[in-house]
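Work through the exercises below with the sequence and the model open. Each task is followed by a solution in steps.

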Amino acid sequence: MVKKFIALLLSSLIFLSPVASDPIQYEYEPYEEDEFPIWSMELRRAETIFFGSLVLTFPVAMGIYSLASTLGMPTPQEEYKQVLQQALIAGGLSLIIAGTDWIIGMVNGE
């Protein structure tokens, strides 16, 4: 009896809640040209490039790390420390890519 009541209560909440909700009555407003400061747009571009390039720099960093450890670079025995070092290498490479893009944008005046 209790299970049927809980099932009825849950199903009524699921199916009746959209009926009681208000419809969306606003329209999309496009951003104005001067709505955001320049530095925030530059920061967003740098952030997008940084995190987007991580997809490429992680495999590169893993390859570099593997090659260096094969050639005799001392590496820690714990796996989490190895992954942390690889992540730091990838983050550094992504930071270089984002910084290079920022410098090129400053030189070109964009």
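**Exercise 1.** How are α2 and α3 oriented to each other?

*Solution.* This is a predicted model, in which local features need pLDDT of at least 70 and side-chain atom pairs count only at pLDDT 80 or more, while totals for chains, interfaces and linings use all residues. Residues are numbered from 1 along each chain as its sequence is written, and side-chain values use heavy atoms, with hydrogens and water left out.

Step 1. Locate the helices: α2 covers residues 38-70 and α3 covers residues 79-108. Helices are DSSP runs of H or I with at least four residues, strands are runs of E with at least two, and both are numbered from the N terminus.

Step 2. Take the geometry: the two helices pack at about 135°, with their axes 6 Å apart. Axes are lines fitted to C-alpha atoms, for helices over the stretch in contact, and angles run from 0 to 180 degrees between N-to-C directions.

Step 3. Apply the classes: angles under 35 degrees count as roughly parallel, over 145 as roughly antiparallel, 65 to 115 as roughly perpendicular and the rest as oblique. α2 and α3 are therefore oblique to each other.

**Exercise 2.** Classify the aromatic pairs.

*Solution.* Step 1. Rings of Phe, Tyr and Trp (its six-membered ring) pair if their centres lie within 6.5 Å; planes under 30 degrees apart count as stacked, over 60 as edge-to-face and the rest as tilted. This rule gives 2 aromatic pairs.

Step 2. For tyrosine 31 and phenylalanine 36, the ring centres are 5.1 Å apart and the planes stand at 70°, so this pair is edge-to-face.

Step 3. For phenylalanine 50 and phenylalanine 51, the centres are 5.0 Å apart and the planes stand at 85°, so this pair is edge-to-face.

**Exercise 3.** Is tyrosine 31 buried or exposed?

*Solution.* Step 1. Buried means under 20% relative accessible area, exposed over 50%, and partly exposed in between (1.4 Å probe, protein chains only).

Step 2. Tyrosine 31 has a relative accessible area of 60%, so tyrosine 31 is exposed. Its ring partner phenylalanine 36 has 40% and is partly exposed.

Step 3. Apply the cut-offs to tryptophan 102, which lies in helix α3: at 45% relative accessibility, tryptophan 102 counts as partly exposed.

**Exercise 4.** Describe the chain as a whole.

*Solution.* Step 1. The protein chain has 3 helices and 0 strands.

Step 2. Along its principal axes, the C-alpha trace spans about 70 × 50 × 15 Å.

Step 3. Of the 110 residues, 11% count as buried.
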